[in-house]
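Visitor: I have a model open and want to go through it piece by piece. Please start with the loops.

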Amino acid sequence: MKVKEILEKVENHEITVDEAVNLIDNPIDYATIDYNRKQRTGAFEVIYGASKTKEQLAGIIKNMLEHEQRDILATRIDAIKADYLKKLYPEFVYDSEAKTFLLKKEAKIKNKGKIVVVCAGTSDLPVAKEALITAEFLGNHVELICDVGVAGIHRLFNKIDVIKQANVIVVVAGMEGALASVVGGLVDKPVIAVPTSIGYGANFNGLSALLAMLNSCASGVSVVNIDNGFGAGYMAHTINCLGGQR
């Protein structure tokens with residue numbers, strides 16, 4: 001809708017002044033971008049890309065850039081969408097494993113503490129990397145420990161000193177999801193458990209891992225939804241903020 005049409009609607013009392021301002025500031029009709037989210041929450045709005053077309057994603061990114069949002073993260077971007085977007089926005093970085101597409105102009109660590117992402121198996125790595133990239137994007141020092149699941153528990157013990165240095169720990173696991181309980185029983189820091197959809201038939205696409213993590217007997221374990229690496233990375237950042245900023 002053109003500005004003239006918007007103003008005519010105001011004149012005809014078809015829309016309010018506030019509605020007109022929103023239409024002028026946000027001229028795309030398929031998304032309403034929250035430009036003030038950073039002022040309220042400390043972080044810009046993040047784009048969830050799974051159900052959006054590549055054209056919609058391009059339009060949202062263009063609109064955010066036009067409104068001087070220089071740190072932009074889009075999640076669940078498949079290779080086809082990434083190829084299209086990369087031609088339009090070559091300065092963005094695409095991670096094909098995590099399926100993230102991001103622009104980070106202010107690449108600095110804000111929080112003092114460290115986040116450690118512990119990944120049970122290599123098959124869980126895409127979700128773990130989504131958590132890692134999200135937490136890094138938000139301004140945290142993040143370390144990844146990969147392939148230390150309970151099938152070879154000695155591998156976890158070899159990394160336990162690094163894990164204990166963290167302010168908050170994200171544990172990503174599929175199959176029976178037991179790793180979160182093990183880590184939760186070894187540390188005195190909050191653990192965010194992420195069940196993944198990795199596993200054989202009775203895994204029920206991650207439901208068995210989700211239920212196991214929800215029923216963890218270890219104290220201090222919280223759980224996000226199946227394959228929600230973004231949610232875990234964001235929550236880890238929120239907890240890490242409590243330790244203060246540089």
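## Loops, sheet and cores

Visitor: Where does F204 lie?
Guide: F204 lies in the loop between β8 and α10. Helices (H or I, at least four residues) and strands (E, at least two) are DSSP runs, numbered from the N terminus.

Visitor: What sort of model is this, before we go on?
Guide: This is a predicted model, in which local features need pLDDT of at least 70 and side-chain atom pairs count only at pLDDT 80 or more, while totals for chains, interfaces and linings use all residues. Residues are numbered from 1 along each chain as its sequence is written, and side-chain values use heavy atoms, with hydrogens and water left out.

Visitor: Back to F204. Buried or exposed?
Guide: F204 is exposed, with a relative accessible area of 56%. The cut-offs are under 20% for buried and over 50% for exposed, with partly exposed in between (1.4 Å probe, protein chains only). F204 is not a glycine, yet its phi is positive, about 55 degrees.

Visitor: And M175, what is its phi?
Guide: Near 50 degrees, again positive in a residue other than glycine. M175 sits in the loop between β7 and α9 (179-184) and is partly exposed, at 41% relative accessible area.

Visitor: New topic. What is the strand order in the open sheet of five strands?
Guide: The order is β6-β5-β7-β8-β9, with parallel pairing; two strands pair if DSSP finds at least two bridges between them.

Visitor: Which strands stand at the edges?
Guide: β6 (141-146) and β9 (221-223), each with a single partner strand, so one side of each has no neighbour in the sheet. On average, neighbouring strands of this sheet are turned by 25 degrees against each other, direction ignored. Axes are lines fitted to C-alpha atoms, for helices over the stretch in contact, and angles run from 0 to 180 degrees between N-to-C directions.

Visitor: How many bridges join β5 to β6?
Guide: Six, with β5 covering residues 114-119. I115 is opposite V142 in β6.

Visitor: Which strands does helix α10 lie across?
Guide: Helix α10 (residues 207-214) lies across β7 (168-173), β8 (191-195) and β9, at about 160 degrees to β8. Helix α11 (residues 229-241) also packs on the sheet, touching β5, β7 and β8, and makes about 175 degrees with β8. Contact means heavy atoms within 4.5 Å.

Visitor: How many residues has the largest nonpolar core?
Guide: It has 26, and I115, V117, V170, V172, I192 and V194 have the most contacts inside it. Such a core is a set of buried Ala, Val, Leu, Ile, Met, Phe, Trp, Tyr and Cys residues joined through side-chain atoms within 4.5 Å.

Visitor: What gives the most to this core?
Guide: β5, α6 (125-137), β7, β8 and α11 each supply at least two residues, and α6 gives the most, with eight. Another core, of 21 residues, lies apart from it and includes I145, I160, I163 and A180.

Visitor: How many residues of α6 are buried?
Guide: 10 of its 13, so α6 is mostly covered. Just after α6, G139 takes a positive phi of about 105 degrees.

Visitor: Last one: how many residues of β2 are buried?
Guide: Five of the five in β2 (residues 71-75), so the strand is largely enclosed by the rest of the structure. D71, L73 and T75 point one way, and I72 and A74 the other. Four bridges join β2 to β4 (residues 100-104), and these strands run antiparallel, with D71 opposite K104.
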